[in-house]
Amino acid sequence: MEPFGAGIVPPEPDHYIARRGDGGGAWRNGRGGDTLGAASVRLGSIRCSEIEWRALMSTVAIVGAGIVGASVAYHLARRSVSVTLIDRAPSPATGATGESFGWIGDAGGEWPGGAEDLRASVLADYRRLAAEVPGVAIRWTGSLRWGDASAQPGGGARLAHGQQWIGRGDIAALEPHLREPPEWAVYTPTDGGVDPVRTTEALVQAARALGARVVLGAGVASLKIASGRVEGVLSQAGLYPASTVVLAAGADVGALCAPLGVALPVAASPAFRISAAAPPGLIRTILDNPDVDIRESRDGHLVMAAFHDDGASGVALERFAQHLVGCVQASFGGSVPLRLLGHGIGRRPMPTGGPVVGYVTPDKSVYVAVMHSAITLAPTVGRLIADELISGEPVAGLRRCRPQRFSKQ
Ligand SMILES: Cc1cc2nc3c(=O)[nH]c(=O)nc-3n(C[C@H](O)[C@H](O)[C@H](O)COP(=O)(O)OP(=O)(O)OC[C@H]3O[C@@H](n4cnc5c(N)ncnc54)[C@H](O)[C@@H]3O)c2cc1C
């Protein structure tokens, strides 16, 4: 990662407009004026030319280096937009993304609101990213779901396009180490899994290689507003000027929007992630049953996801994690060596009614991007957001994701 502070050092808040013709060394408070024209401008500890300064002011600042912010940064940077990606953590993907299971697909699951309109693009966008960005790697393993009433033929479940029922023999062929394959399962051959942290890091790295500035360890406290317009973000490390701010702060988007008078209902829903060491190839697909989801994230490394109470103590979580590992072990013959490696709870951003993507201020200086199942949706959403910001035209695929749906209620 680029060390924090590398590149241009931010100026003090409220002191970022240079005085015309003052020899480039003096500062005045930016309130009430936007004079530009000095031959050079001092920005923090280094001097910028006016061209550089203008470029900074037309920068898109993105708050949040989870998978959504990273994807937006990459898709803008690849189209030559000046981007500053800012996160409070010392590395990308420390929010929900860092605890995620990483299951991607376009068939099963829920697609609330505007997510349904993105569904048809998610696999193609992942294939494109895998070809474009070194480090984005997908394990196209397919998935098997069983164990609830809806996973029985005749149980009232409707299969999505591309899904099929398979019986015990076929399940055993796909998962030869499973001790007692169920009678039936829903098989979705097109599903895959990604490593959310590696994917996010790869997107950040690719954005940086394309010229994006990445600022880590800089929590954004508020937005810089002058003459009613947002002009940048104020972080613990100072001001980052920008003409457009994209809030991709996951479950914290609502808190950043509140001072703007914008109320976004985004719940933080806890989910539990466990990692374990296992013999390579023990599990070959993505296994989904009502208690736990499991897949091999890389050779010899399993990831599991389950629902669990956010308020549980560390001891209770450790016990629960050991219990799940024991259950998985029993399903694969009991003597299989499985070892708990770690666990954590992620706060999944869950906006009411599906993804929220779009401008939240009338002057179009602040944009939000928050959604559940963002590992699946981020490549598509990042591409569409870049289209929208660059063209200045609303993109049809995001029509049902607009934050304005909340103000109309
Ligand atoms: C256990 C679990 C399993 C999951 N499984 C799947 C799955 O299989 N498939 C799927 O598609 N999705 C899954 N999800 C959901 C998915 O992980 C999330 O939808 C996704 O990670 C959200 O990404 P994000 O970038 O919006 O938010 P985050 O990853 O939370 O990123 C937000 C970033 O903003 C930063 N930030 C916040 N406030 C500030 C601030 N004031 N200043 C600076 N930085 C700030 C945070 O540090 C963080 O890095 C799962 C989630 C969990 C927890």
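Axes here are lines fitted to C-alpha atoms, for helices over the stretch in contact, and angles run from 0 to 180 degrees between N-to-C directions. Helices (H or I, at least four residues) and strands (E, at least two) are DSSP runs, numbered from the N terminus. The structure is a predicted model, in which local features need pLDDT of at least 70 and side-chain atom pairs count only at pLDDT 80 or more, while totals for chains, interfaces and linings use all residues. Residues are numbered from 1 along each chain as its sequence is written.

H2 and helix H6 (residues 196-209) pack with their axes 8 Å apart, at an angle of about 30°. The two are therefore roughly parallel to each other (angles under 35 degrees count as roughly parallel, over 145 as roughly antiparallel, 65 to 115 as roughly perpendicular and the rest as oblique). On the H2 side the contact is made by Ile67, Ala70, Ser71, Ala73, Tyr74 and Ala77, and on the H6 side by Pro196, Thr199, Thr200, Leu203, Val204, Ala206 and Ala207; residues are in contact if their C-beta atoms, placed from the backbone, lie within 7 Å. This contact of H2 with H6 has 10 nonpolar, three polar and no charged residues, where Ala, Val, Leu, Ile, Met, Phe, Trp, Tyr, Cys and Pro count as nonpolar, Asp, Glu, Lys and Arg as charged, and the others, Gly among them, as polar.

H2 (residues 67-77) also meets helix H9 (residues 374-391), their axes coming within 8 Å and crossing at roughly 40°. H2 and H9 are therefore oblique to each other. Residues of this contact include Val68 and His75 of H2 and Ala378 and Arg383 of H9. They divide into 13 nonpolar, three polar and one charged.

H9 has a further partner in helix H4 (residues 122-132), with axes that come within 8 Å and cross at roughly 80°. H4 and H9 are therefore roughly perpendicular to each other. Val122, Asp125, Tyr126 and Leu129 of H4 touch Thr376, Leu377, Pro379, Thr380 and Arg383 of H9. By class, five of these residues are nonpolar, two polar and two charged.

Methods: Contact = placed C-beta atoms within 7 Å.
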